[in-house]
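Q: I'm new to this one, and I'd like to take a close look at a single part of it. Please show me the whole thing before we zoom in.
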Amino acid sequence: MSTAALSVKDLSVWIETTAGRRRVVDNISFSIKAGEATGLVGESGCGKTMTAFAILGMLPAAGATIETTSIEINGRDISRLSTAQMRSVLGRDVAMVFQQPGTALDPVFTIGQQIIEVHRRHAGGGKNNNRQAMLDSLTQVGFDQPGKIAAAYPHELSGGMRQLAMIAMATVCNPAVLIADEPTTALDSRTRALILQQIKRLQADNGTAILLVSHDLSVIRQSCQNVMVMYCGRLLEKTDCQSLFAHARHPYSAGLISCIPQISAKMGSGIKAIPGQVPAPSALPPGCHFAPRCGRAVPQCESSVPALEPGTEQGVACFRPL
Amino acid sequence: MMGSTWHRLKADRFGVTGLVIVACFAIVALSVWAGLLGQGWTEVSGERWESFSASHWFGTNLLGQDILQRTLFGAATAFEVGLIVTLFSIVLGTVLGALAGWYSNTWLDEVILWLKGVLDSIPFYLFAAAIAFALQGNRWAMHLAMIITFWTTTARIVRGEVIRIKQREFVEAARAIGLPGITVLFRHVLPNTVHILLVQSTIVFVAAIKTEVILSFLGLGIQDGVSWGLMLAESSQEVLAGHFGNFIAASLALFIMLMGFNLLADAMQDALDTRRIIT
């Protein structure tokens, strides 16, 4: 078996609050092979974005700490690197695409200037070399006139074009791992298809390993081989996409799937929402975090924590899986 | 983006008026520095307190010096004070404000805010007098007093703006491509405050000229030269005696120039407001 492009072992994120220390990402492990995409799905506030930023070593909030055994990119542990060493990894080995392409680009520089900045920093080379890499990168994401896009300021482009430019910026140095945090959430369905097409192209042509963070299962179904379901900072189920949709084993995964609106469904049949609310991080139940909302819960679920079998590619953290 | 800013400024009639006025005064100042205008400001060219005439447009002063020459020279003095004070206080305020904002709620922020608080709490004219006394009548004492006290406003504005901007996603994105924090601050955060700095510069420029006039009037200002403030100080003795030359020339020049700058600052504020085009 080849080594995974991205391999995360025992990652936890703690946040310091006035009420005490809280674990917002709870001991998760996963790996992504080169050329594959893994979706990370879950409701808002379950720790998806925290996980993404923790991998990059970027703490979004003050007082957050990361604990991990290792975070490896192509076999190299990046979790123990100094800030200076980490800077040479960010943008070159691992890059990020953000949710809001409108605000993730600097309004006072052109698209071209911003892409060149990444390439100059990590790949170096002459002025022409940098510019050519920038134009190539824009061409690859599907722009017919890269020169025109390069000269534009972010506010002159539409949301979808900005997101494509953002992908061009993230991939100009051809990183081994790309983390996309809700890359399609703010976009219409046609543009979403364009972005997902790019994510597939990166897997196939560049062998990029992609971690796609989304709350939208249909996005993950269209572009990922594997999927991880996250709830309150824990991974509940890890499997490949096909099996998840054919036969979700965790009751929460099944609940998420039944929440997808079906265009073929009868009018007025309603959407099957999961009952209850995501518990506040301050009031997490002691056992399985999903137990209070779960129709299949037994007393054991409320007292002890079901674990994902460690070291396996697939698994479910449930005492009574479907 | 600078192109569209220029277009918006050009469309604003008051803005253009302000720009023309400021440009006229700037040309006068440059001509004085180049030795083309106002060189006869020390020369005794007539009788004492001559009235307005073709040879002395604004008459002469107590010593028989031509008031027009002295007014023109005063424009250069005003620009010298304005430019020096604006340049140094804006740079100082921007750097300290940016550092305080970027490292907000750390010891550095505390120190800068404390410094700003201390300086803001000293009565300005007392402070100017103290510095003038401490420097034994050095000709830069007035400039120094203004620079030391004027940066605080700029720093406060820049600090707030940096705190606002650093929460934006593009700052996170800049870190995610591996830029060190200080590079992100100076390359990506500060350029987004340029519109504020330009407007703030014109405001500081006006404040510096106004303050120079007051300090010179009090005898704490210009030491070797002539300024509109010194002319107004002279006129305080003359107006009662019915000689209005100094008073009219200096206050007219001051009024027109300050109005020009205020019109320009106002128009620039509208033209440069990037929030209109950035979502």
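A: Some housekeeping before the tour. This is a predicted model, where local features need pLDDT of at least 70, side-chain atom pairs count only at pLDDT 80 or more, and totals for chains, interfaces and linings use all residues. Residues are numbered from 1 along each chain as its sequence is written, with chains lettered from A and ligands numbered from 1 in the order written.

On to your first question: 45% of the 279 residues in chain B are buried (20 or more other C-beta atoms within 10 Å of a residue's own; 12 or fewer is exposed, in between is partly exposed, and C-beta atoms are placed from the backbone). Chain B has eleven helices and zero strands (DSSP runs numbered from the N terminus: H or I of at least four residues for helices, E of at least two for strands). Among contacts in chain B (C-beta atoms, placed from the backbone, within 7 Å) between residues at least 6 apart in sequence, 67% join residues at least 24 apart.

Now for the meeting of the two chains. Chain B puts 17 residues into the contact, and chain A puts in 23 residues. The helix you're asking about is α7 of chain B, residues 169-176, which gives the most to chain B's side, with five residues. Sorted by class, that side of chain B holds nine nonpolar, five polar and three charged residues (Ala, Val, Leu, Ile, Met, Phe, Trp, Tyr, Cys and Pro are nonpolar, Asp, Glu, Lys and Arg charged, the others, Gly among them, polar).

So how does α7(B) sit in its surroundings? Six of its eight residues are buried, so α7(B) is largely enclosed by the rest of the structure.

Helix α8 of chain B covers residues 181-189, and α7(B) packs with α8(B) at an angle of about 130°, their axes 10 Å apart (lines fitted to C-alpha atoms over the stretch in contact, with angles from 0 to 180 degrees between N-to-C directions). From α7(B), the contact uses F170(B), V171(B), A174(B) and R175(B). From α8(B), it uses V184(B), H188(B) and V189(B). By class, the residues where α7(B) meets α8(B) are five nonpolar, one polar and one charged.

Between those two helices, check the backbone. α7(B) is followed by G178(B), which has a positive phi, near 90°.

Looking back at chain A, find I179(A). Leaving aside residues up to four places away in sequence, I179(A) touches A52(A), I55(A), L56(A), V94(A), M96(A) and L211(A).

N174(A) has a positive phi, near 50°, in a residue other than glycine. You'll find N174(A) in the loop between α6 (159-171) and β8 (177-181) of chain A. N174(A) is partly exposed, with 18 other C-beta atoms within 10 Å.

Conventions. Contact = placed C-beta atoms within 7 Å.
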